[in-house]
Amino acid sequence: MSAPAGIHQVHPPPPPLPPPLPPPPRPRKTKSRRPAWASKLDMYAKVPADLMEGTKSGSYLSIISLSTLLALIFMETRAFLRSDTVKNLSLDSNRDARVRVNFNITMMDLKCDYVAVDVVSFLGTNQNVTQHINKQAVTADGVRKRYAGRNLAQSDVVLKDDTVLETIDELHENGEDAISLDATSLKFARREYDFLFVDFFASWCSHCQALAPTWEVLAEVMSEAAEDSVDADIDENREHEYSEEDYNAAVKLAMPAMIAKVDCVTHRELCMDQMIRGYPTLRLFVHGEMQFDYQGPRTVLEMTNWLATKEEEHKEDGDAKIGEAHEIARDRLGGDSRDEMNSPPERPDAGAKSKEEEEWVNKMHRYRRRQRAEWHDAEHPGCQLSGFLMVDRVPGNFHLQARSPMHDFAAHMTNVSHEVHHLSFGSAQTIKREVQQGHTLVPNGFEASLSPMDGNVYITKNEHEAYHHYLKVITTDVG
């Protein structure tokens, strides 16, 4: 029902709210009875929660601190588990007087006869090493051939025939029997003579000078054999009807082997074409083709025996003539027959005197050396040297160089390119074996440092060029 106009309705005020109830009474804590000094010793006092308030900078600092702590723990653990190399400088305590050098090296273009091993130290030691070294011939294709022998000692070399007592001037008084050749006459001689034995020499070469009288006597022996052959064709009851010129021509045609010589100082290009690297080089041409270089003892009997052997290989028995020259040389100089030279000597009885035993040893030594010389040098351009040296533990060096007790060399024709298969010092292989078997711990790269040159190839591309290798060797103890 609406109120009448002009009349206002008045509402009474709301009643007042009742007063809030008082909080319930808190339970009273029972205080423990303890002395006051005990409360002061509380090490685990609590901080009121109102005083603990997290901040953004505090969170960042906490994260950084935790990361740093974890990183330190990781690095310290890794350092503890890792082995490091520690270097320090100390005096060498090794008291060994000598050190062993192990090597296996191939000279690619140098024959075994032309390679020498020398050792030089700062103590003044300078020696040619012959023990504990083997030489193996290598073909141009890199194929290793049969055993060649050891490094020659000076006592194994026969440079000249001591039974030839005349000087070269005395032998030339009645003319030269060893014919001097040049490029043109060498071609002619190769066509005309079945056997042409040429001494390629240099006038400055001391070995060539020592050989000259022996070479001239060898030529005289061949000439005498040819004269005997011509005289045998003439009726014994009458003088030959040849003029002196015809007789000399017949003697040359009957020559068992033409003995000639070429001066490589005068005919340098000719010797380069013939690949002459050492003087003297004694080369045999058979039917115009180069066949052999003589490597045996340089005596008249040894060379005539060698020539007769080559003649037997290339001619029928009825045509062999050099054997007669050997008998002429034997009559002139004395010595063994071909049968005695080419057969092993019979050993004397067990009760024989020491002099007879010594003579047998010398003959056997000459026989074996003669047999080793029987091979084709054209198949052996290189040489592999292997073995070990015992050197003084002082600064020094050892040389693999082009040097021969029987030759002097043309430096511009000498190629000393080489490959190092192995080079180490001391007992490197024993140490490597211990490391590979896990018996000892060594730093990384230690095994490679024991033989750092293994497998390296060194090629010389220019004349008068050779490599020098420098290594620092230190005592290594592995435990």
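Predicted model: local features only at pLDDT ≥ 70, side-chain atom pairs only at ≥ 80, totals over all residues.

Trainee: Then why is L70 called exposed?

Mentor: L70 has a relative accessible area of 53%. The cut-off for exposed is over 50%, so L70 counts as exposed. You'll find L70 in helix α2, residues 56–81.

Trainee: What makes L66, L69, L70 and I73 a patch?

Mentor: A nonpolar patch takes residues with over 30% relative accessible area and no salt bridge, their side chains joined within 5 Å. L66, L69, L70 and I73 form such a patch on the surface, and together they have about 390 Å² of accessible area.

Trainee: Why is M275 called partly exposed?

Mentor: M275 has 45% relative accessibility. M275 sits in the loop between α7 (268–273) and β9, and has a positive phi, near 55°, although M275 is not a glycine.

Trainee: What is the label for H287, and what gives it that label?

Mentor: H287 has a relative accessible area of 45%, so H287 is partly exposed. Its phi is near 55°, again positive in a residue other than glycine, and its place is the loop between β10 and β11 (289–293).

Trainee: How do you know which peptide bond joins Y279 and P280, cis or trans?

Mentor: Look at omega: about -5°, and the bond is cis. P280 lies in the loop between β9 (278–279) and β10 (281–286).

Trainee: How do you know that β7 and β10 pair?

Mentor: Pairing needs at least two bridges. Strand β7 (residues 195–201) is joined to β10 by six bridges, so the two pair, and they run antiparallel. F197 stands opposite L284 in β10.

Trainee: And what makes β6 and β11 edge strands?

Mentor: The open sheet has five strands, in the order β6-β8-β7-β10-β11, with mixed pairing. β6 (179–180) and β11 are its edges, as each pairs on one side only. Helix α4 (residues 183–192) packs on this sheet, touching β6, β7, β10 and β11.

Trainee: How many of the residues are buried in the whole protein?

Mentor: Buried residues make up 35% of the 479 residues.

Methods: Residues numbered from 1 in each chain as written. Heavy atoms only, no water. Buried < 20%, exposed > 50% of the residue type's maximum accessible area, 1.4 Å probe, protein only. Helix = DSSP H or I, 4+ residues; strand = E, 2+ residues; numbered from the N terminus. Patch = residues over 30% accessible without salt bridge, like charges linked within 9 Å, V, L, I, M, F, W, Y side chains within 5 Å. Areas by Shrake-Rupley, 256 points an atom, 1.4 Å probe, with all protein chains shown as cover. Salt bridge = Lys/Arg side-chain N within 4 Å of Asp/Glu carboxyl O. Contact = heavy atoms within 4.5 Å. Axes fitted to C-alpha atoms, helices over the stretch in contact; angles between N-to-C directions.
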